[in-house]
Amino acid sequence: MSELSHLDAEGRARMVDVSGKRDTTRVALAGGELVTTEEVVALVRADEMPKADVLPTARIAGISAAKKTSELIPLCHQIALSSVKIEFGFTATSITIEARAKTRGATGVEMEALTAVAVAGLTLHDMVKAVDPAAMLTGVRLLEKDGGKRGHWTRDDAQSAAPGRVVPGTAVALVASTGTARGTREDTTGPRIAEWLSARGFDVRGPLVYSDADIASGLADALSARPAVVITTGGTGVSPTDATPEATRAVLDRELPGVADAIRARGAAVTPHAALSRGLVGVAGGTLVVNLPGSPGGVKDGLAVLEPIVDHLLAQIAGGGSHDD
């Protein structure tokens, strides 16, 4: 059993001396969930709760709490946070919360990420309690951390995955939308992708939402836990801010142009604008990455193309299927 570093030789609580540790970049990802009712989820998504701006308020509360972690948790060190990002997702009866905290220093940033999730979740509870006083914050936990002498750590199934291998049955939905990232636009495409993946039996993370300018970071975030599938939506057009294909090409080991062309062809049967999509499909370190357009119709068409082939495609990527199957 590992020695508890927060206790001295006499078993008394102490703050650990980290002055001898090497400064490294340290990242932690934490998650949680506010379990509530379908009515509350619908009201929050439509921004029609009695207390308005529910998600922006919870996001700001979580970020502020992360910066005050050393004041709330007695033995935590004061650290300089490089960034704190909080993302929300939805199931039929819950609001999911993920917080990613980053610093460069001699001690980890796990407690800052966990505090951000906890306070964002409590703020959500405060915002929805008029409609659902029985709402419950649950599952606050560390999902992943990186940096320091122990390097990279992920929980649950990801812990038993061999280095460099994907975690079967896991997937990420990723949204490239500056408006959604700023809270000024509601996205319906990311939840649609997450629902589709869940219906196929995947353990889904997200939808993660990143601005168009930050989509490369979003892809790195999505790929960090080595999921079997990453499906993106948005940023595939030709406007100056559309950068999803460029970010995707930078991480792909192999492209699958036939699948990308089939997605465009199906969309072109509905609208000629589908030809403008520059979305890519390919494999990044064993993960299937699929770019879909940022429109509900484009996502619907893309998922229809994937529906009959995704299982066989994943089997081939994993080395378990032949081209003649």
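Predicted model: local features only at pLDDT ≥ 70, side-chain atom pairs only at ≥ 80, totals over all residues.
**Entry 1: a strand and its proline**

I started at proline 207, which lies in strand E7, residues 203-210. For my own reference, helices (H or I, at least four residues) and strands (E, at least two) are DSSP runs, numbered from the N terminus. The peptide bond from glycine 206 to proline 207 is cis, and its omega is near 15 degrees.

Residues are numbered from 1 along each chain as its sequence is written, and side-chain values use heavy atoms, with hydrogens and water left out.

**Entry 2: the whole protein**

I looked up the secondary structure and found 12 helices and 11 strands. Of the 325 residues, 45% are buried. Here buried means under 20% relative accessible area, exposed means over 50%, and partly exposed is in between (1.4 Å probe, protein chains only).

Next I checked contacts, meaning heavy atoms within 4.5 Å. Among contacts with a separation of 6 or more, 73% are between residues 24 or more positions apart. The accessible surface is about 16,100 Å², and carbon and sulfur atoms hold 54% of that. Such areas come from the Shrake-Rupley method with a 1.4 Å probe; for residues, only the protein chains shown count as cover.

**Entry 3: salt bridges**

How many salt bridges are there? I got a count of 10, taking a salt bridge as a side-chain nitrogen of Lys or Arg within 4 Å of a carboxyl oxygen of Asp or Glu. Side chains of opposite charge can pair when their charged atoms come close.

I followed aspartate 311 and arginine 200, whose side chains meet in a salt bridge at 2.8 Å, N to O. This pair links distant parts of the chain, 111 residues apart: aspartate 311 sits in helix H12 (residues 310-317) and arginine 200 in the loop between H7 and E7. Aspartate 311 is partly exposed at 49% relative accessibility, and arginine 200 is partly exposed at 25%.

Aspartate 221 is in helix H8 (residues 215-223), and the two residues are 16 apart. Are they buried or exposed? Arginine 205 is buried at 12% relative accessible area, and aspartate 221 is buried at 9%. I also found Arg205 and Asp221 in a network of salt bridges with Glu98 and Arg100.

One more pair went into my notes: glutamate 255 and arginine 249, at 3.3 Å, N to O. Glutamate 255 is partly exposed at 38%, and arginine 249 is partly exposed at 44%.

**Entry 4: a negative patch**

Which residues form a negative surface patch? I found Asp47, Glu48, Asp53 and Glu186. Patch residues have over 30% relative accessible area and no salt bridge; like charges are joined within 9 Å, and nonpolar side chains (Val, Leu, Ile, Met, Phe, Trp, Tyr) within 5 Å. Asp and Glu count as negative, and the charge is placed at CG of Asp or CD of Glu.

Aspartate 47 is in the loop between helix H1 (38-45) and helix H2 (54-67), partly exposed at 43%. Its phi is near 55 degrees, a positive value in a residue other than glycine. Glutamate 186 is in the loop between helix H6 (178-182) and helix H7 (189-199), partly exposed at 49%.
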